[in-house]
Amino acid sequence: MILSPQPTGPRSDFLRTLSERGFLHQCTDLAALDSWLCSGAGTAYNGFDLTADSLHVGHLIPIMMLRWFQKTGNKPIALLGGATSRLGDPSFRDTSRPLLNQEQITKNLIGIRRVFERFLAFGDNPTDAVMVNNSDWLGGLNYLDFLRDIGPHFSVNRMLTSESVRQRLEREQSLSLLEFNYMVMQAYDFHILAESCGCLLQLGGSDQWGNIVSGVEFGRRIGGRTLFGLTAPLLTTTSGAKMGKSVSGAVWLNADRLSPYEFWQFWRNTGDTDVGRFLRLFTELPLGEIARLEVLRDSEINEAKKILADQITRLCHGLDAAVQASETSRRIFEAGEVPAGLPTVRLPHSLRGAFPLVDAMVVAGLAKSKSEARRLIVGGGVRVNGRSANDEAMRLVDADIQNGVIRLSVGKKRHVLLQPV
């Protein structure tokens, strides 16, 4: 069931696009899937649990897969896990996810729904996207009936060989019955969507491979259907590091969690060797243009990074936000100005009586701890309002406030405005 490329390459527009842009990782039956997609418009889904009120940059690959699925003439389904979010997906985690109450899940659903409206076209046409919530069918299940009707189709022996489960067991880390059932719930989702929507394909990240394969096998056993699963590689840099952290923490996709400027700057800071790959994955630029940009070197590669930042910020936040973020960056780094639009953090209390610089750096998210802040200050990498600050005992005072804020900088690329309360 591992992906094996066809000698002539995929014939369907969707699989050809995914292959050319680096999305393909594993597939249950690539040749059969290709034939099905060539026979007419297909339906596919990807699931997203409601663990926060915004998705983050790690979700962009599955979102872009759904977007390309629709752009190549097919119907995408965004499945929101209103029910499975109450269990927690154990995939490749060392500990159980915190359990959420219904109020938190509802709040998160509202925030996450906004993300999909920017990437997918919803409506009543044949290829318009659909958003569904698995609480609609999982929430009212009778437990005994479910065990009797669904349980016999799953082998505990097979479930134990799933990579995500096996890793937890080998490390002798707790895996609750609640989490163990997550695989069954996800397989049941696939079955319901196949029955009700004719959905024969599940998309996901490579960490979902075991769950997806279980759904494919369950569909065959319970309904005699041929279902397909396809995964993309997880988002990492060429060094192997997992992506997704900015100065302020997670790279969220909603502007109320991370400003468009910070989002733009995250992509502008992409490593040279990752530019071409990220342009293929996260933009819709023609492949010929990407091939031209990825071979740029030295200072010219920075222009390719700006294009990457512009393109993905435009998709996620709109054209106006992308233009403003780009202009904010230009004014900071090329004109030396302090424009509006920089990340702003309110200090927890008044500056009256002075406020330690090391504390301000932690509050601003420019350092994870006071000790890290001290190392940055002593190392000469910190500036206050553009002036070097190398005294770890320095305190910010009222005189440092300019136009209502204090600008803290670490290096050339990390800037935060402190706004006294």
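Figure 1. Leu147 counts as partly exposed, because its relative accessibility is 38%, between the limits of 20% for buried and 50% for exposed. The model shown here and in the other views is predicted. Leu147 sits in helix H6. Together with Tyr143, Leu144 and Leu177, Leu147 makes a nonpolar surface patch of about 460 Å². Helix H6, spanning residues 143–150, gives the most to this patch, with 3 residues.

**Figure 2. The open sheet.** The sheet has 6 strands and is open. Their order is E1-E6-E5-E2-E3-E4, with mixed pairing. Strand E1 (26–27) and strand E4 (130–133) are the edge strands. Each of these two pairs on one side only. Strands of a sheet pair through backbone hydrogen bonds, either parallel or antiparallel.

Figure 3. Strand E2 covers residues 43–49, and strand E5 covers residues 201–205. The two run parallel and are joined by 2 bridges. Ala44 has Leu201 of E5 as its bridge partner. Helix H10 (residues 182–197) packs on the sheet. Helix H10 touches E2, strand E3 (75–81), E4, E5 and strand E6 (228–232). The direction of H10 makes about 145 degrees with that of E2. Helix H11 (residues 209–223) also packs on the sheet, where H11 touches E1, E5 and E6. The direction of H11 makes about 170 degrees with that of E6.

**Figure 4. The salt bridge of Lys107 and Asp53.** The whole structure holds 20 salt bridges. One of them joins the side chains of Lys107 and Asp53, at 3.0 Å from N to O. The pair links distant parts of the chain, 54 residues apart. Lys107 belongs to helix H4 (residues 102–119). Asp53 belongs to the loop between E2 and helix H3 (60–71). Asp53 is buried because its relative accessible area is 17%, under the 20% limit.

**Figure 5. The salt bridge of Lys305 and Asp272.** In this salt bridge, the closest N and O atoms of Lys305 and Asp272 are 2.6 Å apart. The pair links distant parts of the chain, 33 residues apart. Lys305 lies in helix H15 (residues 301–317). Asp272 lies in the loop between helix H12 (260–268) and helix H13 (275–282). Lys305 counts as buried at 7% relative accessibility, whereas Asp272 counts as partly exposed at 45%.

Figure 6. Side chains of opposite charge can pair when their charged atoms come close. Asp359 and Lys370 form a salt bridge, with 3.2 Å between the closest N and O atoms. Asp359 is in helix H17 (residues 357–363), and Lys370 is in helix H18 (residues 370–378). The two residues are 11 residues apart. Lys370 is partly exposed, with a relative accessible area of 42%. Elsewhere, salt bridges that share partners join Asp53, Lys107 and Arg257 into one network.

Figure 7. Asp298 lies in the loop between helix H14 (287–294) and H15. Asp298 is exposed because its relative accessible area is 67%, over the 50% limit.

Note on methods. Residues numbered from 1 in each chain as written. Predicted model: local features only at pLDDT ≥ 70, side-chain atom pairs only at ≥ 80, totals over all residues. Heavy atoms only, no water. Pairing = 2+ DSSP bridges. Helix = DSSP H or I, 4+ residues; strand = E, 2+ residues; numbered from the N terminus. Contact = heavy atoms within 4.5 Å. Axes fitted to C-alpha atoms, helices over the stretch in contact; angles between N-to-C directions. Patch = residues over 30% accessible without salt bridge, like charges linked within 9 Å, V, L, I, M, F, W, Y side chains within 5 Å. Areas by Shrake-Rupley, 256 points an atom, 1.4 Å probe, with all protein chains shown as cover. Salt bridge = Lys/Arg side-chain N within 4 Å of Asp/Glu carboxyl O. Buried < 20%, exposed > 50% of the residue type's maximum accessible area, 1.4 Å probe, protein only.
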